[in-house]
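Here are my notes on the model, for reading beside the structure.

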Amino acid sequence: MLTAEQHEKLRGWFAGRLPEGLFEGAVDVTVDREEITVVGRIAEPQLGKDVSDAERAAAVEGRIQEFRERTREDRVEVAREAEHRFRRKVSWGVRCGAEEALFTHVSAPVMTRLRQAERQVLDTLVAGGVARSRSDALAWCVRLVQRNADDWLTELGASLEQVRRVRAQGPDA
């Protein structure tokens, strides 16, 4: 994990490096060991108030696709510089209205050892058709925890940052 200062520097680099007007406002930058994901807001299509939900959804989908195609060269150029500088892959996404779409992004393998009871949970998800494989079932479980434990995970991240600060003030600093 990055320190808060490293994350701020990385966000600042993207804020300064992205072409003016590429996104509306500041971008969200998320980082882990393998990947930097940059998500920015784009303008919603201008539609009348009387359009159907299906028409609105199709218009947003079209706007996202148009943005992806139109900005590809700029995004690739920024990504190459960032990948060289930060030694991580760069992925992109957008928010348009209530919709969020991630473009091509990293799917990193993670090795784990599970006891029988834990494997049975995964196998039940596979047998029930919730997942195609144990790997998919494990990813499903992680997404479920992520959705239901956001506050706890946020608090844990803040605690880790405090531990880093205290360690930095120790006798080896």
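1. Terms first. Buried means under 20% relative accessible area, exposed over 50%, and partly exposed in between, with a 1.4 Å probe and protein chains only. Helices (H or I, at least four residues) and strands (E, at least two) are DSSP runs, numbered from the N terminus. By that count, 6 of the 7 residues of strand S2 (residues 35-41) are buried, so S2 is largely enclosed by the rest of the structure.

2. Provenance. This is a predicted model: local features need pLDDT of at least 70, side-chain atom pairs count only at pLDDT 80 or more, and totals for chains, interfaces and linings use all residues. Residues are numbered from 1 along each chain as its sequence is written, and side-chain values use heavy atoms, with hydrogens and water left out.

3. The sheet. 4 strands form an open sheet in the order S1-S2-S3-S4, with mixed pairing. S1 and strand S4 (99-102) are the edge strands, each pairing on one side only. Two strands pair if DSSP finds at least two bridges between them.

4. Neighbours of S2. Strand S1 (residues 24-31) pairs with S2 in the antiparallel sense over 5 bridges. A hairpin through 3 residues joins them. Asp28 has Val39 in S2 as its bridge partner. With S3, S2 pairs in the parallel sense over 7 bridges. There, Glu35 is bridged to Lys89, and Arg41 to Arg95.

5. The crossover. S2, helix H2 (residues 53-86) and S3 make a right-handed β-α-β unit. Right-handed means that, with the strands pointing away from the viewer, the path from the first strand over the helix to the second runs clockwise.

6. Helix H1. Which residues of H1 are buried? They are Leu10, Trp13 and Phe14. Seen down the axis of H1, they fall within an arc of 95° (taken from the directions from the helix axis to the C-beta atoms), so they line one face of the helix. The face turned away from that buried side carries exposed Lys9, Ala15 and Gly16. The buried residues of H1 pack against S1, S2, H2 and S3.

7. Ser91. Contact means heavy atoms within 4.5 Å. Leaving aside neighbours within four places in sequence, Ser91 is in contact with Glu35, Ile36, Thr37, Val38, Thr104, His105 and Val106.
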